[in-house]
Amino acid sequence: MKVYSLTGKSGTGKSFQAISLCSEKGIESIIDDGLFIYRDRVEAGISAKRQKTMVGAIKTALFTDDDHAESVKKRIAELNPKSLLIIGTSDRMTDKITARLNLPPVSERIYIEDITTEEERKIADRQRHGQGKHVIPVPTLQLKRDFAGYFLDPMRIFKERSVAGKSAAAEKTVVRPTFSYMGEFFISDTVLTDIAVCVGEETKGVTGVSNVYENTEPDNLTLKVSISIDRLSRIWDVAENFQRKLAEVIERMTAFNVVRLDVEIKEVV
């Protein structure tokens, strides 16, 4: 296995640049902030960005917990990637990670200053320290459950890359870490009701939304919604269309993970 490292100060855009770098050099896998990522899929690990404190995040990124390190080592051995990129803030950090995971020594060191401009690094710094944005170099759906309710921007970010001579979309996910200095946030109990009412108004055949019952758990959201339907419409089709649209809109707007959404037809009018 050939091991690469990408280092640079916090907030300089390392995770954002990782996908393009891997495409350019044909690197199959990534170690980033406690996660083992193989071909755009999280295969093992715990994200440092879900830790409650900065100290906890640093420990997770360094794989200081034995169970965490062992689970990642085991998965790396099973998949046996030909190449791996370790992302860190310094050579010392990446060397510590290689030691904890029993990886071969880093054979090629890459620095963020070598692959980005000063202006790009300034933009990344503003996004990190001014807006609390952190990038994880995997698709949103891969992180949806672990980061439910914590996406700063649930919309996926694509950047063109070339894979085996073909153009493909490299997807990244923007999250707001639990330990962010920007403070706590919550979603009001009335928000999901407001969203349901708006979706109902935009769904042909639905004449009203009367009740919304939910548990407001970001990673395990369940809802029951009561609606009224126009008697001249295809009742089952209207309810199913509303159900699908409401789940999609809630997940897009709140980043909650909708696991169940029941629709009750309260009346036909």
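**Figure 1. Burial and overall make-up of the protein.** Of the 269 residues in the protein, 45% count as buried. The model shown is a predicted one. Its secondary structure comprises nine helices and twelve strands. Among contacts with a separation of 6 or more, 69% are accounted for by residues 24 or more positions apart. The protein exposes about 14300 Å², and carbon and sulfur atoms supply 50% of that area.

**Figure 2. Helix H2 and its buried face.** Helix H2 spans residues 54–61, and Gly56, Ala57, Thr60 and Ala61 are buried in it. These buried residues line one face of the helix, because they fall within an arc of 135° when seen down the axis of H2. Their cover includes helix H3 (66–79) and helix H4 (91–100). H2 is followed by phenylalanine 63, which has a positive phi, near 55°.

**Figure 3. Helix H4 and its surroundings.** The buried residues shown in H4 are Met93, Thr94, Ile97 and Thr98. Seen down the axis of H4, the buried residues fall within an arc of 140°, so they line one face of the helix. On the face turned away from this buried side, H4 carries the exposed residues Arg92 and Ala99. The buried residues of H4 are covered by elements including strand S1 (2–7), strand S2 (29–32), H2, strand S5 (83–88) and strand S6 (108–111). Just after H4, asparagine 102 takes a positive phi of about 55°.

**Figure 4. Salt bridges that involve strand S6.** The count of salt bridges comes to 13. In one of them, lysine 25 pairs with glutamate 108, and the closest N and O atoms are 3.0 Å apart. Lysine 25 belongs to helix H1 (residues 14–25) and glutamate 108 to strand S6, so this pair ties together parts that are 83 residues apart in sequence. Lysine 25 counts as partly exposed, at 32% relative accessibility. Glutamate 108 is also partly exposed, with a relative accessible area of 24%.

A further salt bridge joins arginine 109 to aspartate 91, where the closest N and O atoms are 3.7 Å apart. Arginine 109 lies in strand S6 and aspartate 91 in helix H4, so the pair ties together parts that are 18 residues apart in sequence. Both ends count as partly exposed: arginine 109 has 32% relative accessibility, and aspartate 91 has 25%.

Figure 5. Glutamate 118 forms a salt bridge with lysine 122, and their closest N and O atoms are 3.7 Å apart. The two residues both lie in helix H6 (residues 118–131), four residues apart, which is about one turn of the helix. Glutamate 118 counts as exposed, at 52% relative accessibility, whereas lysine 122 is partly exposed, with a relative accessible area of 42%. In another part of this view, Arg41, Glu43, Arg75 and Glu78 are linked in a network of salt bridges.

Figure 6. Strand S11 (residues 221–229) is mostly covered, as seven of its nine residues are buried. S11 pairs with strand S10 (residues 206–214) in the antiparallel sense over seven bridges. The bridge partner of tyrosine 213 is lysine 224 in S11. With S12, S11 pairs in the parallel sense over nine bridges. Isoleucine 227 stands opposite isoleucine 265 in S12. In a regular strand, side chains alternate between the two faces of the sheet.

**Figure 7. Surroundings of valine 209.** Valine 209 is located in strand S10. Leaving aside its neighbours within four places in sequence, valine 209 is in contact with Ala196, Val197, Gly200, Val225, Ser226, Ile227 and Phe242. Valine 209 and cysteine 198 are eleven residues apart along the chain, and their C-alpha atoms are separated by 9.0 Å.

Figure 8. Ile235, Ile265 and Val268 make a nonpolar surface patch of about 200 Å². Isoleucine 265 lies in strand S12 (residues 258–268). Isoleucine 265 counts as partly exposed because its relative accessibility is 33%.

Note on methods: Residues numbered from 1 in each chain as written. Predicted model: local features only at pLDDT ≥ 70, side-chain atom pairs only at ≥ 80, totals over all residues. Heavy atoms only, no water. Buried < 20%, exposed > 50% of the residue type's maximum accessible area, 1.4 Å probe, protein only. Arc of directions from axis to C-beta. Contact = heavy atoms within 4.5 Å. Patch = residues over 30% accessible without salt bridge, like charges linked within 9 Å, V, L, I, M, F, W, Y side chains within 5 Å. Areas by Shrake-Rupley, 256 points an atom, 1.4 Å probe, with all protein chains shown as cover. Salt bridge = Lys/Arg side-chain N within 4 Å of Asp/Glu carboxyl O. Pairing = 2+ DSSP bridges.
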